Amino acid sequence: MSQISLPDHAGPVETVWHWTYIAICSLIFLFLIAPILVIIPLSFNAEPYFTFTSGMMSLDPEAFSMRWYEDFMNKEIWQRSIANSFFIAFFATILATVLGTLASLGLSRSEMPNKGLFMGLLISPMIVPVIITAAGIFFFYATMNDYIPLTGSYLGVIIAHAVLGTPFVVITVTATLSGFDHSLTRAGAMLGADPTTVFFKIIMPLILPGVISGALFAFVTSFDEVVVVLFVASVEQQTIPRQMWAGIRESISPTILAVATILICISICLLATVELLRRRSERLRGMSPG
Amino acid sequence: MVGPYSLSYRGGEMSELLTTVDGRPLKEALANAERSKRIRAVLLVLPLFVFIFFSFLYPIALMLYRSVENPLIAEHMVETVAILENWDVKEVPSEEAFAALANDLVAARKTREIGKIATRLNFETPGLRSVITGTGRKAPRWGPPFKEQFIAYRSEWGELETWATLKRLSPTITTVNYLAAVDRKLNVEGNVVQIDENYQIYVDLFMRTAWMSILVTLACVILGFPIAYMLASLPLRQSNMLMILVLLPFWTSLLVRTTSWIVLLQTQGVLNDLMVWVGIINDAQRIQLIFNAQGTVIAMTQILLPFMVLPLYSVMKTIPPSYLRAAESLGAHRFLAFWRVYVPNTLPGVGAGCLLVFILAIGYYITPALVGGQDGQMISNMIAFHMQKSLNWGLAAALGGLLLLGVVLLYWVYNKLVGIDRLQMG
């Protein structure tokens with residue numbers, strides 16, 4: 001299996017090439033991960049600089065501080081942003097997950113007509129550049145404002161974020177359903193369960209890992225979204241990414257690094273959850289020895 | 001419980017027709033069952049479809065309509081538009097047109113639409129804004145004959161171009177936005193011509209967007225191929241560990257990653273500090289690595305690399321290692337075997353990854369906006385500029401329409417070649 005390891009009979013050329021290859025790969029992994037990791041120590045910088053001070057290099061405790069985290073905790077705008085982000089992402093996720101899961105159940109049935117077309121349309125919010133989506137939704141809300149005020153409202157942002165999140169739910173849940181044994185639902189029906197019971201007792205527990213992964217993707221999509229917020233939200237719906245955007249463009253302060261570090265920790269938790277779910281479902285399907 | 005499909009022969013005689021227990025012909029009953037199953041499947045998809053239709057497809061259609069609609073002039077300059085309809089664009093129109101224009105401008109000034117009209121005409125022919133607003137201010141004090149007073153006030157009224165602009169913007173459906181989006185316009189004779197060289201920006205911008213996306217895609221293949229190969233070749237336990245290094249950036253906020261690149265690459269940033277400290281450059285030679293096109297390409301490559309690695313990895317995972325061993329045992333050198341046997345097998349993954357990265361790159365907005373500086377801006381940034389700053393929504397919509405056309409074509413190709421259901425994350 002392992003083509004990476006060096007065979008015993010390797011000549012000098014192959015040995016050199018082998019180690020060069022490992023070095024190249026390490027550099028590429030470094031390129032992927034370093035930009036994320038470099039931010040974490042810098043967020044504890046005692047000075048308002050975006051680079052390592054000589055004090056930090058010599059690990060002088062004086063050079064490190066929590067001041068940017070304190071700044072984050074004490075600024076009302078950041079508090080409001082984080083509350084807004086969670087509020088909007090929570091409801092957008094619920095909307096996207098419910099609609100996306102239902103649609104996936106339909107899409108993975110063999111009787112579904114024009115499956116490819118529907119799938120293509122329902123995935124398209126992920127492919128269409130978000131600036132176009134945002135502009136379209138901006139025009140749409142402008143025409144709707146006489147009936148429901150959507151511009152500058154929480155509902156407007158939640159709907160737009162749910163649109164952007166649904167493709168992720170559809171992709172993960174249909175992927176889970178592709179390994180689903182449909183004779184189980186027939187077995188359930190034959191044993192006397194009505195469709196609702198079959199859904200909650202048989203289908204749901206089996207596809208739950210996929211649904212949760214999809215929901216987490218939808219959550220992250222909303223939690224990280226800034227363009228739609230720029231176009232349709234008002235100051236009242238200020239979110240974390242919107243506040244970071246303003247921070248980077250206007251008054252760059254190291255508080256942003258503290259926020260970024262907190263967001264990285266959230267990402268790590270979400271990634272760990274999704275990976276655990278994925279490995280669990282792979283193990284259940286007997287695909288992975290891990 | 002007896003299912004609806006259980007068969008029965010009616011009576012003792014051999015019936016030709018197979019029926020269900022309740023006496024319906026089997027064929028019909030099966031067709032009914034099929035249909036109700038199909039309806040159930042559609043009903044499950046319907047809520048999401050309706051949702052996507054109203055909050056995504058319809059808004060985009062609305063945007064596309066914005067790119068061709070042009071009601072402003074026709075609604076607020078009724079008299080002028082009516083007279084210009086029969087004007088042959090040969091010479092400056094007669095007194096009659098000037099009188100109509102004076103009436104329209106006075107009326108538009110009262111309804112306060114004159115600012116919008118001036119802006120609209122100014123988008124088409126730069127310089128007309130002050131001509132319109134200024135004339136609107138003076139016109140109430142003028143009496144007939146208007147023509148001399150108009151031309152005496154602003155010589156533009158004596159030029160064919162001004163009147164041709166008015167006529168060109170009279171129809172309620174227009175192509176001027178799309179022409180403007182490709183640096184073209186209609187001249188006085190009604191032919192499509194290139195606009196003045198100093199104003200040509202959009203074709204270059206489209207080219208630059210495509211070029212930067214190609215660079216990002218190439219960089220992603222070059223960087224993604226070795227690590228995807230490593231991930232696919234290592235034992236699962238180790239590759240799962242390394243996979244986290246690919247997936248963590250994928251899950252990390254785009255703004256966080258963009259911020260990181262600013263921190264790393266700016267002139268007073270970590271990388272420049274490191275180079276000065278090591279002694280590669282001295283303090284005066286710090287390199288401008290970000291806030292330009294190069295910084296945008298670097299940051300976008302790191303951000304989009306996971307989208308290349310994942311499809312490559314999943315294709316490489318399916319290539320049996322025995323192929324390489326077979327080639328080697330048949331006498332091929334290790335490198336030759338890799339190049340002639342392994343690489344061709346990975347091409348579906350390379351194609352899928354390239355298309356996906358290119359599609360995502362071409363519509364990028366946030367990263368170029370934050371780290372692009374002057375020469376790293378892409379077409380999305382121009383759309384945002386016209387949406388939010390210049391408020392030329394028609395042009396923004398036309399630029400968006402052209403970008404959308406490109407993306408939809410690529411998406412269609414992707415769907416044909418790869419299949420949208422093969423798209424995966426993590």
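K37(B) is partly exposed, because its relative accessibility is 34% (buried means under 20% relative accessible area, exposed over 50%, partly exposed in between; 1.4 Å probe, protein chains only). The model is predicted: local features need pLDDT of at least 70, side-chain atom pairs count only at pLDDT 80 or more, and totals for chains, interfaces and linings use all residues. Residues are numbered from 1 along each chain as its sequence is written, chains are lettered from A and ligands numbered from 1 in the order in which they are written, and side-chain values use heavy atoms, without hydrogens and water.

K37(B) forms a salt bridge with E111(A), at 3.9 Å from N to O (a side-chain nitrogen of Lys or Arg within 4 Å of a carboxyl oxygen of Asp or Glu). E111(A) sits in the loop between α5 (76-107) and α6 (115-127) of chain A and K37(B) in helix α1 (residues 26-66) of chain B, so the pair joins two chains. Helices are DSSP runs (H or I, at least four residues), numbered from the N terminus. E111(A) is buried, at 17% relative accessibility. Over all chains, the count is twelve salt bridges.

Another salt bridge pairs R279(A) with E275(A), at 2.9 Å from N to O. The two residues are four apart in helix α13 (residues 255-284) of chain A, so about one helical turn separates them. E275(A) is buried, with a relative accessible area of 6%. R279(A) is partly exposed, at 27%. A network of salt bridges links E275(A), R278(A) and R279(A).

In chain B, R154(B) bridges to E156(B), with the closest N and O atoms 3.4 Å apart. R154(B) is partly exposed, with a relative accessible area of 22%.
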